[in-house]
Amino acid sequence: MIKHFPITDTNKIIQHYSQEDNAPISYVCTTDFKMSDRPVDIFYRNTPHPTFGNKYFGIAVNYFEGDGYIIFNADAVEDFSFGMVEDDDGDLQYSQSHHDYKSFDNGNMIDGGREYIRSSFSGILNYVVRDGKMVQSYLTDRDSLV
């Protein structure tokens with residue numbers, strides 16, 4: 001199982017947008033998107049939004065004004081790589097943001113968010129987002145481990 005640490009009440013977001021858009025919505029992950037150390041929650045709908053055309057949307061704290069939230073097109077999440085390591089309970093965890101350092105008693109650690117993947121290299125797994133789910137992938141030339 002992949003452990004997530006969302007910044008919003010994902011159940012409320014899912015309920016609100018499922019009703020508003022009359023389409024099933026699911027939570028995908030929490031990650032930096034365009035700004036370092038500003039994680040956002042990413043959600044998915046299996047049909048493109050009728051007005052905007054995107055399948056993924058992000059909900060973020062409005063970091064510029066200090067309160068409230070903003071919503072934005074997050075289709076680019078399918079271009080991201082997520083390094084995962086096993087935690088002490090056998091679950092997988094990823095670094096959600098640039099300085100989100102996680103270490104575990106089993107010797108595994110992960111850091112870097114989407115800026116870079118830094119790990120203890122003991123059992124690092126690469127995941128990507130496809131069709132609203134995080135799935136294991138293989139590293140490609142555009143991915144790098146630091």
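The buried residues of H1 pack against S1, S2, strand S3 (56–61) and strand S4 (69–73). The model is a predicted one.

Thr10, Ile13, Tyr17 and Asp21 are the buried residues of H1. Because they cover an arc of only 60 degrees around the axis, they lie on the same side of H1. On the other side of H1, the residues Asn11, Lys12 and Gln19 are exposed.

Helix H1 comprises 12 residues, 10–21. At 1.5 Å a residue these should span 16 Å, and the end C-alpha atoms are 16 Å apart, so the expectation and the model agree. Asparagine 22 follows H1 and has a positive phi, near 50 degrees.

Attention now turns to the loop residue. Aspartate 37 is located in the loop between strand S1 (25–31) and strand S2 (40–45). S1 and S2 are also among the strands against which the buried residues of H1 pack.

Leaving aside neighbours within four places in sequence, aspartate 37 is in contact with Asp32, Ser97, His98 and His99. The relation of aspartate 37 to glycine 112 is given in the table.

| Pair | Separation in sequence | C-alpha to C-alpha distance |
|---|---|---|
| Aspartate 37 and glycine 112 | 75 residues | 9.5 Å |

How values were computed: Residues are numbered from 1 along each chain as its sequence is written. This is a predicted model: local features need pLDDT of at least 70, side-chain atom pairs count only at pLDDT 80 or more; totals for chains, interfaces and linings use all residues. Side-chain values use heavy atoms; hydrogens and water are left out. Helices (H or I, at least four residues) and strands (E, at least two) are DSSP runs, numbered from the N terminus. Contact means heavy atoms within 4.5 Å. The expected span of a helix is 1.5 Å times one less than its number of residues. Buried means under 20% relative accessible area, exposed over 50%, partly exposed in between (1.4 Å probe, protein chains only). The arc is that of the directions from the helix axis to the C-beta atoms.
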